[in-house]
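Hi,

Here is the structure for you to look over. My notes follow below it.

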Amino acid sequence: MQVKGKTVRGKVLDEETRCAHYHSEIDRIAIKFYCCDTYYPCYECHEENGCGSPDVWPAGKFDEKAVMCGACGYELTISEYLACRSRCPACSALFNPGCRLHRHYYFET
């Protein structure tokens with residue numbers, strides 16, 4: 001599905017990147033997976049429809065843009081995302097703070 005001009009794969013439900021697994025009002029990010037350089041709304045979407053070889057972003061690449069705000073399409077670097085306090089720095093849309101519980105699926109910890 002095209003979201004804000006970028007392809008987001010998986011079970012995407014709407015134009016803010018909510019998916020079949022995470023679809024509350026504040027579930028509005030997509031994460032570019034390091035292993036396949038492709039945006040997915042969540043790790044479960046990647047498990048079901050991804051490359052089959054999940055790999056996390058190494059800490060040395062946290063300056064790469066790898067998180068997209070589903071509200072405005074702004075791409076955050078990983079460092080920017082980890083420091084944003086669950087709010088888009090460009091449009092102030094809220095992100096789900098519970099995503100922190102899953103960061104080990106996406107980023108080296």
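Start at Ile 29, which stands opposite Cys 69 in S5. The model is predicted, so local features need pLDDT of at least 70 and side-chain atom pairs pLDDT 80 or more, while totals for chains, interfaces and linings use all residues. Residues are numbered from 1 along each chain as its sequence is written, and side-chain values use heavy atoms, without hydrogens and water.

Strand S3 (29-33) has two partners. Strand S5 (residues 65-69) pairs with S3 in the antiparallel sense over 3 bridges. Strand S4 (residues 38-40) also pairs with S3 in the antiparallel sense, over 3 bridges. Strands here are DSSP runs of E, at least two residues, numbered from the N terminus. Pairing needs at least two DSSP bridges between the strands.

On the S4 side, Phe 33 stands opposite Thr 38. S3 and S4 make a hairpin with 4 residues between them. In that turn, Asp 37 has a positive phi of about 55°.

S3 is mostly covered, with 5 of its 5 residues buried. Buried means under 20% relative accessible area with a 1.4 Å probe, protein chains only. Ile 29, Ile 31 and Phe 33 point one way, Ala 30 and Lys 32 the other.

Now Asp 14, in the loop between strand S2 (6-7) and S3. Asp 14 counts as buried because its relative accessibility is 17%. Its side chain reaches the backbone nitrogen of Glu 16 at 2.9 Å. Leaving aside neighbours within four places in sequence, Asp 14 is in contact (heavy atoms within 4.5 Å) with Met 1 and Val 3.

Best wishes

Terms used: Buried means under 20% relative accessible area, exposed over 50%, partly exposed in between (1.4 Å probe, protein chains only). A polar contact is a pair of N or O atoms within 3.5 Å; within protein, one must be able to donate a hydrogen and the other to accept it, and residues adjacent in sequence count only if both atoms are side-chain atoms.
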